[in-house]
There are 2 protein chains.
Amino acid sequence: MCYISRAPNATAIATFNWAILGLGKIARKFAEDLQRIDDARLVAVGSRSLERARAFAADFGAEHAAGSYAATFDGPRVDAVYVATPHTGHRELTLLCLERGIPVLCEKPMGLNYAEVEEMVNAARRTNTYLMEALWSCFIPALVEVKRTVEAGAIGTLEGLRADFGFRGVAREDFDRDRLYNPALGGGALLDIGIYPIWLAQYLFGAPEEIHGVARLTELGADVDTQVTLRYPGGRLAHCYSTLLGATKTDALLLGSEGELHLHSRFHHAHGFSLLKGDEVPPTNHYHRFEGHGYQYEARAVMDDLRAGRKESPIWSLDDSLLLHRTLTEVRRQIGVVYPGE
Amino acid sequence: MCYISRAPNATAIATFNWAILGLGKIARKFAEDLQRIDDARLVAVGSRSLERARAFAADFGAEHAAGSYAATFDGPRVDAVYVATPHTGHRELTLLCLERGIPVLCEKPMGLNYAEVEEMVNAARRTNTYLMEALWSCFIPALVEVKRTVEAGAIGTLEGLRADFGFRGVAREDFDRDRLYNPALGGGALLDIGIYPIWLAQYLFGAPEEIHGVARLTELGADVDTQVTLRYPGGRLAHCYSTLLGATKTDALLLGSEGELHLHSRFHHAHGFSLLKGDEVPPTNHYHRFEGHGYQYEARAVMDDLRAGRKESPIWSLDDSLLLHRTLTEVRRQIGVVYPGE
């Protein structure tokens, strides 16, 4: 078992007050995981529906429920806000918070495209206010350990990566009715789930030298089956697959000069990995299990950053987000997925 | 268990006489599997080394051992020859046999490039002599059943494919010493193992409308990590990965409109597959196990074709080989792998 870090003397530190904007499925999971952090509490929630906000607040004991995003901050002090609306709302709500000096953890993808992310990053820097894209995978114990062990040479030098993320979405006749298949709402496999394999590649390899995208689009123009090959220094390749056409293993394989590392499914919040060193050596399994959904680790990281006076995460920085979205936007340019205003 | 077809009255049919040219590892496996066919026998073997030929003949009870390929046919009647040399020898030896009117089963890849394959196909048609590329996977019982069950709609319409073939070759410092890493000898992942995922895509989808290849090359110019995306009518995609950098699962996932089919590892001679129809329905496993390596099925197919008077296989035709090598040659053009004479 892994336990998240605790403040050495929690009673001496003020409780950390969270707010959430956008109260869908991911907000609920995040709120559940906040309950696993002793010195965190959810104090305010905002939705376009006051009824929805009140129900959510009641479920999680939040003092303040607001029927508009702006009114969310009319209640108790908020130390950080989690922006959890669909993609298309991220930019506007993040800017709203940053302009008020409220630290933001913004659900991924931070923006619809590089230009939006750049505007948000610039706003954070200009207002000197904390901002992090909610790439929670960076903080999942097994993934922290994978990065450490790979960098320590557990599989020699890293030579290649193959990762996938796929689930079966709605049937073709319902494509028009679902956000995920509607480019006007930021839909498509790439931004929703393809971001994870591409994040993993960046997490382990850094900046790509080449980007190659091929995808299948719906009639409305959202990508549903998306193949991305990235090239890194030394000619090394990472292949990142995302699909809404069916369930894939959603795992990852790292090829090293001296062995393979298999990141268990679902790799982006894995509880373990296996090291394989050829036919002669039995594979070893490494478990870093946790309870809850795993969002407590990113929440704790935000709290630690803010208490230490940091304006961005040393683990998933604003430059990391800019790089990730440079890649995603270039893939979309190649595959021809166009979002509103582009 | 699956049993290969037997002639209804084997005693009434003459024994089928096989010869093998090129006596490496694959020739040995093929010879072992021939022993599983009652009415087949290995009568002649040819190698550039008489010593090697004699040892091989002794191991498998072949009457005639020749120290040159041409002399292989100086002994008993040969009904078909299996050309099992490295890639670079396929064209010359196949033409040698066809010009003598000897039916040929030629190890894959049939030629180094489309031009070689076209020349070989033309020679077969001109001499009216049987020729088949040894795409043994076409005849493996589980793969025959996968094609049948997919075409019967077991997973609805076929919407996507993901297949890989990878093993750990020699270390980088030994690249120069190994055929597999030497383009002068037809080396590279694509032609050696990448041919299987691409074969599977063609077997199930037919002719691609688009071909996208990205690969990492060695200093000598052989591909060692090769990503191929193929597009089919309706925008459907197949991703075909091959690598010499490490062991991959070497399995395949078919995405259908109504479920997934997982072809077990190693997919190109799989003993089974699983059908997945969503979270509500338990997966079903389908086994078509066999003994031996599985080469007996292609050998039996050749025998059946010749006894029926066919000049090519109805299962893996000469046009199928032309199409496959059109794809492979286009991938090599894109990734920049150049073979002698190109």
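## Exercises on charges and salt bridges

Chain A carries 36 positive and 44 negative side chains, and the centres of these two sets are 3 Å apart. The model is a predicted one.

**Exercise 1.** Find what the salt bridge between Glu63(A) and Arg41(A) ties together.

*Solution.*
- Step 1. The side chains of Glu63(A) and Arg41(A) meet in a salt bridge, with 3.0 Å from N to O.
- Step 2. Glu63(A) sits in the loop between helix H2 (50–60) and strand S3 (64–66) of chain A, while Arg41(A) belongs to strand S2 (residues 40–46) of chain A, so the bridge ties together parts that are 22 residues apart in sequence.
- Step 3. Glu63(A) has a relative accessible area of 52% and is exposed. Arg41(A) has 39% and is partly exposed.

**Exercise 2.** State which strands are linked by Arg231(A) and Glu210(A), and decide whether Arg231(A) is buried or exposed.

*Solution.*
- Step 1. A salt bridge joins Arg231(A) to Glu210(A), and the closest N and O atoms are 3.0 Å apart.
- Step 2. Arg231(A) lies in strand S9 (residues 223–232) of chain A and Glu210(A) in strand S8 (residues 210–217) of chain A; the pair links distant parts of the chain, 21 residues apart.
- Step 3. Buried means under 20% relative accessible area. With 14%, Arg231(A) is buried.
- Step 4. Glu210(A), at 30%, is partly exposed.

**Exercise 3.** Describe the salt bridge of Arg77(B) and Asp79(B) and the exposure of each partner.

*Solution.*
- Step 1. The side chains of Arg77(B) and Asp79(B) meet in a salt bridge of 2.8 Å, N to O.
- Step 2. Arg77(B) counts as partly exposed at 47% relative accessibility.
- Step 3. Asp79(B) has a relative accessible area of 19% and is buried.

**Exercise 4.** Name the residues that are linked with Asp39(A) in a network of salt bridges, and give the number of salt bridges over all chains.

*Solution.*
- Step 1. Asp39(A) is linked in a network with Arg300(A), Asp304(A) and Arg307(A).
- Step 2. Over all chains, the structure holds 48 salt bridges.

**Exercise 5.** Determine how the radius of gyration of chain A compares with that of a compact globule.

*Solution.*
- Step 1. Chain A is built with eight helices and 14 strands.
- Step 2. For 342 residues, a compact globule would have a radius of gyration near 20 Å; the value for chain A is 20 Å, which agrees.
- Step 3. Along the principal axes, the C-alpha atoms of chain A fill a box of roughly 60 × 50 × 35 Å.
- Step 4. Of the 342 residues of chain A, 60% count as buried.

Technical notes: Residues are numbered from 1 along each chain as its sequence is written. Chains are lettered from A and ligands numbered from 1 in the order in which they are written. This is a predicted model: local features need pLDDT of at least 70, side-chain atom pairs count only at pLDDT 80 or more; totals for chains, interfaces and linings use all residues. Side-chain values use heavy atoms; hydrogens and water are left out. A salt bridge is a side-chain nitrogen of Lys or Arg within 4 Å of a carboxyl oxygen of Asp or Glu. Helices (H or I, at least four residues) and strands (E, at least two) are DSSP runs, numbered from the N terminus. Buried means under 20% relative accessible area, exposed over 50%, partly exposed in between (1.4 Å probe, protein chains only). The radius of gyration is taken over C-alpha atoms; the globule rule is 2.2 Å times the number of residues to the power 0.38. Lys and Arg count as positive and Asp and Glu as negative; His and the chain ends are not counted. The place of a charge is taken as NZ of Lys, CZ of Arg, CG of Asp or CD of Glu.
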